Amino acid sequence: MSIAPLRERPAWRALERHYTEIRDVHLRDLFADDPARGERLAAEGASLYLDYSKNRVTDETLRLLVQLAEESGLPERTEAMFRGDRINVSENRSVLHVALRLPKGKSLVVDGRDVVQDVHGVLDRMAKFADRVRSGEWKGHTGKPIANVVNIGIGGSDLGPVMAYEALRHYSRRDLTFRFVSNVDSADFVEATGDLSADETLFVVASKTFTTLETMTNARTAREWALAALDDESAIAKHFVAVSTNAEAVAAFGIDPANMFGFWDWVGGRYSLASAIGLSTMIAVGPDRFRELLAGFHALDEHFRETPLERNLPALHGLLCVWYASFFGAETVGVMPYSHYLKRLPAYLQQLTMESNGKQVTLDGRPVDYETGAVFWGEPGTNGQHSFFQLLHQGTRLIPVDLIGFAKPLEPIRDHHDLLMSNVFAQAEALAFGRSEDEVRSEEVDEQIVPHRVFEGNRPTNVLLAEQLTPHTLGALVAFYEHSVFTQGTVWEIDSFDQWGVELGKVLAQRIVPELESEAVPELAHDSSTNALIRRYRAMR
């Protein structure tokens, strides 16, 4: 299918004209003109309910956005992804995180191999290992069962596991301690292990190549920490396992390759939670709960693949993100989960969205002449309301916001949950409708104070509701954002599955390390600023 450049697509040109007609229309008027809008502009699937009625759109906007998705080849590109075509063009790879969630009875043959069998082979091995650790059958070097699990990774090998552990902590084994080390700052390792006993601690080292600089630096430190207490090289095999594909390097480290859990080059790091990268999560919640997580992912995958675009949750969300970024010039998107357990979700979504769609060239290498990926950020409600919501309500920037809530609490105490959820609905209402000068004056305040208490409103929100935060719901929620990102990238005609922007800093850091460590004063050949910083660092050290 031949795709025209974005600005030449008929729907894009129609949206440019439409934007000039709608940009100043207020949500107050949209709701006044359509009393059923709140019920009508909503969609549901895979245990999620999306209210997108408080967006600055009309039926015509939505019709044109769906037309834009079709002209951008979203249905065709979705099928290409699901069948394993090499849609990651810069790395010539398939993009098959969806295969990680396929049920055992399914089949997906790529390059002559049924990848579903491979996936479930690893999942079954993970389950057996997790059960051994959880039951106490797996013993450390001194014969004690494991009481502490420390995941060492970075990027998707850390953000996914730590987000999922925190999200599902309610379901986790409370007699096991879980820690996560990612930062090469030594303080991260020290604080994670300071109160742990080496003879009861298991390290999960997550690095596909087993060469990732930060991960392997921390892994070697963990190895030294364990040996300082256990004083026997053979102890490493009892206290370390690997999530990797580099059997030779894993064995050289001292880990038994039988305790290496692999994954594939068609799984990007930020899409890898459902793979062996989730081993620490599986140990925490158990194999059955982990399978529920996978089922939630798969349910949303099927919804995205099969549901018409006008009722398709992630497609609608992605198209709205395009609408605000490309037409309103919105530079950021706020994600506010009203759940303490989802406190790490915004950080997880930062990598998912910004590493995926922070691109400046199209699939065929042409520079883009439009805005791509927005900055994603957020904080759990209600904390954010007493922090940055002031800017959302009365600042000069347009910031679309996702508000995420649940009908049933996991920890029911007094009226906490009703109070929490009342804020979800109140914030969406306040952001949309604001408070006019007349409404402020009706409260009989001093005239000089009136401008300060006016809320412009017309600030867009999506409200995502689910019954309860379960493993299934978490899987669906993560897949919702994955496919929204994919939708945006497809419209913008960029590769959402490579991440070359991560590489340059790594290369330069490797070059600078010996210049910092050498005893002799090195001859520096960087720019004058970098040279001066290196010299100042060496002098201060």
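How many nonpolar, polar and charged residues are in the lining of the largest pocket? By class, 13 are nonpolar, 17 polar and ten charged. (Ala, Val, Leu, Ile, Met, Phe, Trp, Tyr, Cys and Pro count as nonpolar; Asp, Glu, Lys and Arg as charged; the others, Gly among them, as polar.)

This is a predicted model, where local features need pLDDT of at least 70, side-chain atom pairs count only at pLDDT 80 or more, and totals for chains, interfaces and linings use all residues. Residues are numbered from 1 along each chain as its sequence is written, and side-chain values use heavy atoms, without hydrogens and water.

**Stop 1: the largest pocket.** Select Thr212, Gly269, Gln499, Glu503 and Lys506, which lie nearest its centre among 40 lining residues. (On a 1 Å grid over the protein atoms alone, a pocket is an open set of points where a 1.4 Å probe fits, with protein on both sides within 12 Å along at least five of seven lines; lining residues have an atom within 4 Å of a point.) Now colour helix 21 (503–517). Helix 21 gives the most to this lining, four residues. (Helices are DSSP runs, H or I, of at least four residues, numbered from the N terminus.)

**Stop 2: the second largest pocket.** About 520 Å³ of space lies here. Select Tyr338, Ser339, His340, His417 and Leu420, the closest to its centre of 21 lining residues. Then show helix 17 (residues 416–433), which supplies the largest share of the lining, three residues.

**Stop 3: helix 13.** Select residues 287–306. Buried residues (under 20% relative accessible area, 1.4 Å probe, protein chains only) include Phe290, Phe297 and Phe304.

Technical notes. Helices (H or I, at least four residues) and strands (E, at least two) are DSSP runs, numbered from the N terminus. Grid points are joined across faces, edges and corners, and a volume is the space filled by probe spheres set on the points. The expected span of a helix is 1.5 Å times one less than its number of residues. Buried means under 20% relative accessible area, exposed over 50%, partly exposed in between (1.4 Å probe, protein chains only).
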